[in-house]
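Below is a short report on one protein model, written for a reader who has not seen it before.

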Amino acid sequence: MTDTRTAPVRRRAAAVLLCAGAVAYTAWVLELAVATGIDPVRAYVSELAAADQPLGGLFRATDLAAGLLVLAGALLALAAPRRRPWTTAGWAALALFGAATALDSRLPLSCAPTTDPACAARETAGLVPATHTAHAVSSSLALTGALAALFLLTFAARRYDQWPALARFGPPLVLAELAATCWTLSSVAAFTAGRGTWALGLGQRLQVLLVALYLALLAGCTARTTGNEHPRKPKPEARP
């Protein structure tokens, strides 16, 4: 009885946290209105939060807020009893994304390699702080968690006949996210090899934007969920 009463409150709280996390995760759009000195076509999103950037503190704070909000929302969702296996895996992956994003904000780049040639040269020579390597690891964990969460929660929505909006719009969002990820990774490889950036900034910004849109969609679906979740019963076979 107690869980029946608290479940709607928990779902609404999780939805609010996820929605707020999605908003915080798109704080980089402020660069459209504020002069940052960072080229959005070429530069990593994380360069906005580099230690030597004038607005770095602001973007590190919004990244930290986004990570903690998503982590809290995912943990609230995981606290529900009788959670289905695929849904549990999806929420756990989203919790990993939130935790890694929060950690990422605490491991900023010391400078902006795509904008500052001297920074790029120091990075190539291994003369930058260890936070550059740590940042790459935490960013990779965040990306892995995001991709896994998008796939697993979309699969769960379709497998269990829940969250109709996610079941409908989740697959194209997942495919678009995979395409943006391939674009970003190819651009990173090109930049590392000294062959230009291949519009790295646009690819990564699209990647981040799609994750935020997915979080907002998931928040709406979570808020509309009613009742306890039960696995879908198989349909009886037709008899001749």
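F151 and F155 both sit in helix α5 (residues 131-159), four residues apart, which is about one turn of the helix. Helices here are DSSP runs of H or I with at least four residues, strands are runs of E with at least two, and both are numbered from the N terminus. This is a predicted model, in which local features need pLDDT of at least 70 and side-chain atom pairs count only at pLDDT 80 or more, while totals for chains, interfaces and linings use all residues. Residues are numbered from 1 along each chain as its sequence is written, and side-chain values use heavy atoms, leaving out hydrogens and water.

**Aromatic pairs**

A pair of aromatic rings is described by the distance of the centres and the angle of the planes. Rings of Phe, Tyr and Trp (its six-membered ring) pair if their centres lie within 6.5 Å; planes under 30 degrees apart count as stacked, over 60 as edge-to-face and the rest as tilted. Searching the whole structure gives five aromatic pairs. Two of them are listed here.

| Pair | Type | Centre to centre | Angle between planes |
|---|---|---|---|
| Y25 and F97 | edge-to-face | 5.3 Å | 85° |
| F151 and F155 | stacked | 6.2 Å | 20° |

Buried means under 20% relative accessible area, exposed over 50%, and partly exposed in between (1.4 Å probe, protein chains only). F151 has a relative accessible area of 47%, so this residue is partly exposed. F155 is also partly exposed, because its relative accessible area is 32%. Ring pairs join W86, F151 and F155 into a cluster.

**The nonpolar core**

A nonpolar core is a set of buried Ala, Val, Leu, Ile, Met, Phe, Trp, Tyr and Cys residues joined through side-chain atoms within 4.5 Å. Which members of the largest nonpolar core touch the most other members? They are W91, L94, F97 and L166, out of 46 residues. Two or more residues each come from α1, α2 (56-78), α3, α5, α6 and α7 (200-224). The most, 10 residues, come from α7.

**W183 and the surface**

W183 belongs to helix α6 (residues 164-192). Its relative accessibility is 32%, so W183 counts as partly exposed.
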